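Subject: Structure handover

Hello,

Here is the structure I said I would pass on. Please look it over, then read my notes below.

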Amino acid sequence: MANELGRRERTISLLALLVLGFSALLLRSGYLQVVKHGYYARLSQQNRLRRVLIPAPRGLVFDCSGVLIAQSRPGFELMLVTVNDWLSSVNKAAGLLGMDSLLLKSSVVSQRKIFPNDPVVLVKDLLPEQVARIEENIQDLPALRLEVESLRKTEHGSQASHLVGYTSSLGQSEYVKYKDQGYSYGDYIGKGGLELKYENYLRGTNGWDFIEVDARGRDLGTVTEAERIEPEPGSNIYLTIDWRLESLAESLFTGGMIGAAVAIEPRTGRVLALVSSPNFDPNLFAAGIRSEDWNRLVNDPSFPLWDRAIRSAYPPGSTFKVVTAAAALEESLITPETRMKVSCHGSLVIGNRVFKCWKRGGHGSLDLHGAIVNSCDVYFYQLGMLLQIKGLADWSKKLGFNRETGIDLPQENAGLIPDDVWYQKRLGKYAKTVGHSANMSIGQGEVLATPLQVASLYAALANGGVWCQPHVLLKAEDYKGKVLTGEVISKKRLPLSNGTVAVLKQALYGAVNDPGHTGGAAQIYGVKVCGKTGTAQNPHGNDHSWFVGFAPMDDPAIAVAVLVENAGHGSEIAAPIAGKMMQRYLEIKGLLAQPAIPAARAQ
Amino acid sequence: MKIKLPGSRDFDLQLLMAVLLLCTIGLISIYSATQIDQPHLSGLWQKQLFSLGLGLLLMAVTIAVPFRYFEAFAWPMYILSIILLVAVLFAPPVMKAHRWINFGFVRFQPSELAKLATIFVLAKTLSAHDFSFDKFWKLLVPVGLVLLPAALVLAEPDLGTSLSFAALFLTMVFWQGLSFGNFFFMVSPVLSMVAVISMPSWIGFMVLMAGAFWFFKVKFKYALPIFLINIFIGSLAPAVWYGLKGYQRKRLLTFVNPDLDPKGAGWHVLQSKIAVGSGGLLGKGFLQGTQKKLSFLPEQHTDFIFSTFAEEFGFIGVMIVLSLFGWLLFRGMIIARQARNRFASFTAIGIIAIIGFHVFLNIGVTLGIMPVTGIPLPFMSYGGTSLITMLVMIGILLNIGLRRYEY
């Protein structure tokens, strides 16, 4: 080998490197194990080193103009910080707080099973007088410590509770599930609503402090070797919601009214208000909900935790007639002038069944416009039979039913549009579905839709047939104000001709304003309001009341769907609510025509 | 050709003994580290024992195969491991990193195979008769051969393993005969990047480099570009680094090196130091460690096995383990030095570089003198792929030793 000598030199060099490296390891190890042995032995004994979590405040939630909806508030929690000798402290604290000491002790034991040496949370969110009582007696409670933590607080109580959702702390089973994502035991996590959907923005990153404690668990100060890690607050999110409209809408559901309201900006799909009534108080969940509160909420027959605006599907009733009409026009089965074979005398016989019109006296012979204005069922039964189940189901799906709108909120319901396959499964292969198609044509029978779906369709009609995906997020900013994500507007042209949209809009205008109208209660002075009432028969009780509409007709700023359960006619209950919502929003936007003010009043 | 069997004069029994002792110590430590009220861990030592058996079997096979066959397999093996390294990036992540391919019955880390394959192709390239460093650009081929797998491993991401490719490359290039001077100039941009931590140290470094140019009589046309590259990197690095916001820096660091726990920075290392330090001179005794019971690390039986061992067996134990590793590496170097076949010699030194780097980095992390990078301690950490690869490497080393006088 040519460079044998070179290889010898290189071997020596590498050997020198090896000796150098290993000497470093050996010296370091000797330093830790021999020189500093006492120090580390002390830290190791009874585990005197503690890692204390500094919780990061959760991000804030604002409406579109910066009105605060949800923020964080400080809360006091009582912690057990020693590993041993804690029984007497816990007993005394239980006495001071008036709590069951057995309960506290069993919670300590169960938490210690997972984290044998970590501090244990005894009581969360102490009342001010409880804090005072503990502080007065802190000398007698050597094992305990009061800590401040950050709890969720909604600014407007239970308003918009379904939209905002709530947070709760991670329990044992959840901790196991989420710890890989960086959660600590007892961290707060969004449950439902946008707290859940935008959890990744809202949650911050916890900080840590490293402290040395004495044998009784008392703080001896921070450890110099491990640097304190500051918490990073969560990001703030801004919603498309206009709080002025939201709070008005919330207030309109009075007197135990059960229902939902959805308001959408047709041009963008921005959700302006999202109401589900009755609502609940998310603040009850902030520090862990008490069992009596929880039982009250889940046993309430009106299901206050359920988001009726996006999670409940109802028969859409007559609000669905625009779908039937659009399908018939697009399939060229009728023209706007076509009149049905049978004019309305209050009912129609199909097979051996009598299908009634809501107006017992009948409407006589109507064209499409008249049929929508008067909401004539007999007209639409015949249209439904022309279209058959297939035509109705196909067009319903094309117009957005039977699937989620894709709003950025969890647990959306897709509703239901029964098609031929569905009926064959249900009724057998050769079942006659002509009666079902008649029922479906007026939004009855098995058809189900969420208030959000109906609002979204009417918003698309208002917008000239361009459907915009409903969404609630305007933007998310980190705590320094850097925009992390902006608004996502996604549009889709519905397969409707301009002519069809124009006919429907004109008819919806008529339904509010023409003689014989059904939706007059939604009229607004000086504004062209379009809309449609609905009275959905409900096999479980009284009819549901619907109103869906938009305004102003020519350049719509808002589309609204209102549903009130078991409230009878849409024209009486739902329409006034929708009218007031639209009026309020137009007022906010300065689109309301001012009534002429007499000159004398000005002085 | 006569077949040489273990027991022959050239078989390095001492090296084998060192390895077997380290494996035994590892097994004992894994057993101790996993007896902590966590049932899913307590049986791991048996799995490790099985891997050890399999590894020893493969090692025996490796010893029997004449090393020139490895040379023939170098390229196919390299290509296969590159394919697997690309494939692993599409495998489902485990703890946020794409390091494992799951074959159902066994999880496999392609980066382990890639280490061996890269050693082989580098050895083949560098040992070629017409290879020399008379022209600097001739380095490009070996650089490329290492950069490809190293970059793929970095993308997993796995910084520790990626750096081990750098260690193996530098050692093998040095072994080829790259002069101290050229070697220094080659790594100078990296040194420059480190030196810019403070202005005086960087100026000192540049002066040192100018001195080196003069001392090694480097021609101006080479010196100038090297110098410019250093100034460029030295001025760019801090501009980029300090241009980033605090959280961006943290994100970058955790992206490159996810083992650097952003939430517990310092905590794991501190716990490891407490374990080691509280062990003292004689240790707390087998199964008597207290720190491990805190489960302060998810990796106390893998990457932090050394701290469990040091807690229970003290400084005496540490000295024994370091001596065993030291002896193993020394014997390996002797084999590399004596091997007459150039490919064999390069392979041997590459293996020594990999093992040495792993030992130094892993123990350095547990003692708190190296940044946390997830890298196993050879022969001792829990983990089948690593153990088996290491044993196969030892098999190759013994193989070369056995045939050290063959060309």
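**Helix 14 and helix 16 of chain A**

Helix 14 of chain A and helix 16 of chain A are roughly perpendicular to each other, because angles of 65 to 115 degrees get that name, with under 35 degrees roughly parallel, over 145 roughly antiparallel and the rest oblique. The model is predicted: local features need pLDDT of at least 70 and side-chain atom pairs count only at pLDDT 80 or more, while totals for chains, interfaces and linings use all residues. Residues are numbered from 1 along each chain as its sequence is written, and chains are lettered from A and ligands numbered from 1 in the order in which they are written.

Helix 14 spans residues 377-398 of chain A and helix 16 spans residues 434-441. Their axes come within 7 Å and cross at roughly 110 degrees. (Axes are lines fitted to C-alpha atoms, for helices over the stretch in contact; angles run from 0 to 180 degrees between N-to-C directions.) Helices (H or I, at least four residues) and strands (E, at least two) are DSSP runs, numbered from the N terminus.

Helix 14 of chain A contributes residues including A:Phe380, A:Tyr381, A:Leu383 and A:Gly384 to the contact. From helix 16 of chain A come A:Val434, A:His436 and A:Ser437, among others. Contact here means C-beta atoms, placed from the backbone, within 7 Å. By class, the contact has 10 nonpolar, 5 polar and no charged residues. (Ala, Val, Leu, Ile, Met, Phe, Trp, Tyr, Cys and Pro are nonpolar; Asp, Glu, Lys and Arg are charged; the others, Gly among them, are polar.)

**Chain A overall**

Chain A has 19 helices and 21 strands. Of its 603 residues, 46% count as buried. (Buried takes 20 or more other C-beta atoms within 10 Å, exposed 12 or fewer, partly exposed in between; C-beta atoms are placed from the backbone.) Take the chain A contacts between residues at least 6 apart in sequence: 73% join residues at least 24 apart.

**Sheets in chain A**

An open sheet of 5 strands runs in the order 12-11-21-20-19, with antiparallel pairing. Strand 12 (270-277) and strand 19 (530-538) are at the edges with a single partner strand each, so one side of each has no neighbour in the sheet. The twist averages 10 degrees from one strand to the next. Pairing needs at least two DSSP bridges between two strands.

Strand 11 (residues 259-265) of chain A pairs with strand 12 of chain A over 7 bridges, antiparallel. There, A:Ala263 has A:Ala273 as its bridge partner. Helix 19 (residues 574-588) of chain A lies across strands 11, 12, 19, 20 and 21 of chain A, at about 150 degrees to strand 21.

Strand 10 (residues 236-239) of chain A is covered on both faces. A:Asn236 and A:Tyr238 are buried on one side, A:Ile237 and A:Leu239 on the other. Strand 2 (residues 61-62) of chain A runs parallel to strand 10 of chain A, joined by 2 bridges. A:Phe62 stands opposite A:Tyr238. Strand 16 (residues 473-477) of chain A pairs antiparallel with strand 10 of chain A over 4 bridges, and A:Leu473 is the bridge partner of A:Leu239.

**Loops worth a look**

- A:His517 sits between helix 18 and strand 19 of chain A. A:His517 is buried, with 20 other C-beta atoms within 10 Å. Beyond its neighbours within four places in sequence, A:His517 contacts A:Val373, A:Gly510, A:Ala511 and A:Val512.
- A:Ser375 has a positive phi, near 55 degrees. A:Ser375 lies between helix 13 and helix 14 of chain A and is buried, with 28 C-beta neighbours inside 10 Å.
- A:Phe303 also has a positive phi, near 45 degrees. A:Phe303 is partly exposed, with 17 C-beta neighbours inside 10 Å.
- The peptide bond from A:Ser277 to A:Pro278 is cis, with omega near 0 degrees. A:Pro278 is in the loop between strand 12 and helix 11 of chain A.

**Chain B**

Helix 1 (residues 13-34) and helix 13 (residues 305-338) of chain B pack at about 160 degrees, axes 9 Å apart. That makes the two roughly antiparallel. The contact has 14 nonpolar, 6 polar and 2 charged residues. A cis peptide bond joins B:Glu156 and B:Pro157, with omega about -5 degrees. B:Pro157 lies in the loop between helix 6 and helix 7 of chain B.

Best wishes

Technical notes:
Contact = placed C-beta atoms within 7 Å.
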